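Open the model in your viewer and keep the selection tool at hand. The tour goes from stop to stop, with something to select at each.

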Amino acid sequence: MPAPRSTVRRSIAAVAALPLLALAATACGYGSDAKDDDAKKANVSSGEKKLSADTVKIGYFPNLTHATALVGIQEGTIQKELGGTKVESTTFNAGPSEIEALNAGSIDIGFIGPSPAINAYVKSQGKGLRIVAGSASGGVKLVVNPKKIKTLDDLKGKRIATPQIGNTQDVAFLNWISEKGWKVDPQSGKGDVSVVRSDNKVTPDAYKSGSLDGAWVPEPTASKLVSEGAKVLLDETDLWPDKKFVITHIIVSQKFLDAHPDVVEAVVKGSVSTNTWINANPDEAKASANKALEKLSGKPLPQEILDPAWESVEFTNDPLATTLKTQAGYSVKAGLLEDPKLEGIYDLMPLNKILKADGQPEVDDAGLGVK
């Protein structure tokens, strides 16, 4: 159980008035490389007041499921809340590399999926990070070759890709296979279904070559595959109560949170403002996210990929803590994770203060908040 944070709580109030298996260390990612974001420009005027830190270093993925970060940085919404404290951003293609950067102090705050957050929290014995807000739900689909697979039962004996061994989609697919009564070795991926761990960047080409029969993947990879002739056979959203599950949330290093609670609160407030704008202006927000992706990758997503991909992601401030517990249970069931102790992984006090002040309902930590 993490130590009480009463001192940090007072600081924030003043501003406003079981070890993992080695296998699981590779969890939740979409590639392997990190690179500096072109959006390091902060547009900070020399006259604006800085908070307790000169800069805040934010990491995220160049994925539509990370559009809160894409849009919030692109539009300057997060920077606006920070005043003279400058945003420096870095993009990652894998959860493990983002966690490494957080642990090394190369970033202070990260937009990331649930599996790497769980793994890092447990490995640090509850001292490495906190989840401080939600960001996105949904945006994951099972897409297949309709010539080979017409029903869910047809997956048996086929080759289906997931982004990475032990990542959020990999765990979800392994759990789905188990519930079908089929057997797959989680490490090798061999069994009644062949689970092929394939980087999202190469999965569309592998599908076109015929070496894959389908994939359980996040957006926009799912819509890229559909553009190559694949068919959506299952939307993971349909497997969850209320059709919601965490795909992206916001983490912060415990060290940075203790030292700079005002900066963390400002970033969370900027994220809340960004999600409000995204949900009120979906077409403009979609264009903004695509513009940010163009800056990062050199080319925008074609409209036939962008539109369905964007439609399947819901942007929410709620970290959907109950679904995090469920996802952790899937990892344990698959044999990729020992039973984790997650009490204290959330610190939602800054978020709930912001939501309350904005007249929005507060969110729940499912009993996993700091004491």
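Start at the second largest pocket. Its lining has 14 residues, and Glu 81, Glu 265, Ala 266, Lys 269 and Ile 354 lie nearest its centre. A pocket here is an open set of points on a 1 Å grid over the protein atoms alone, where a 1.4 Å probe fits, with protein on both sides within 12 Å along at least five of seven lines; lining residues have an atom within 4 Å of a point. Now colour α10 (261-280) and α14 (349-357), the elements that give two or more residues to this lining. Helices (H or I, at least four residues) and strands (E, at least two) are DSSP runs, numbered from the N terminus. The largest share, 7 residues, comes from α10. The volume is about 300 Å³, counted as the space filled by probe spheres set on the points, which are joined across faces, edges and corners. By class, the lining divides into 6 nonpolar, 2 polar and 6 charged residues. Ala, Val, Leu, Ile, Met, Phe, Trp, Tyr, Cys and Pro count as nonpolar, Asp, Glu, Lys and Arg as charged, and the others, Gly among them, as polar.

A word on the source. This is a predicted model, where local features need pLDDT of at least 70 and side-chain atom pairs count only at pLDDT 80 or more, while totals for chains, interfaces and linings use all residues. Residues are numbered from 1 along each chain as its sequence is written, and side-chain values use heavy atoms, with hydrogens and water left out.

Next, the largest pocket. It holds about 700 Å³ of space. Select Lys 201, Pro 220, Lys 224, Ser 297 and Leu 301, which lie nearest its centre among 27 lining residues. Elements giving two or more residues to this lining are β1 (29-36), β3 (86-94), α7 (203-209), α8 and α11 (282-297). The lining has 13 nonpolar, 6 polar and 8 charged residues.

Stay on Pro 220. Which bond here is cis? The peptide bond from Glu 219 to Pro 220, with omega near 10°. Pro 220 sits in the loop between β9 (214-218) and α8 (221-227).

Go to Trp 240. The structure holds 7 aromatic pairs. Rings of Phe, Tyr and Trp (its six-membered ring) pair if their centres lie within 6.5 Å; planes under 30 degrees apart count as stacked, over 60 as edge-to-face and the rest as tilted. Trp 240 and Phe 245 are stacked, at 5.4 Å centre to centre and 15° between the planes. Trp 240 and Tyr 330 are tilted, at 6.0 Å and 50°. Trp 240 lies in the loop between β10 (231-235) and β11 (246-253) and Tyr 330 in helix α13 (residues 321-334), so this pair ties together parts 90 residues apart in sequence. Trp 240 is buried, at 8% relative accessible area. Buried means under 20%, exposed over 50%, partly exposed in between (1.4 Å probe, protein chains only).

In the loop between β10 and β11, pick Lys 243. Its phi is near 55°, a positive value in a residue other than glycine. Lys 243 is partly exposed, at 45%.

Then jump to Gln 125, in the loop between α5 (114-123) and β5 (129-138). Gln 125 also has a positive phi, about 55°. Is Gln 125 buried or exposed? Exposed, with a relative accessible area of 66%.

Finish on helix α2 (residues 67-74). There, 8 of its 8 residues are buried.
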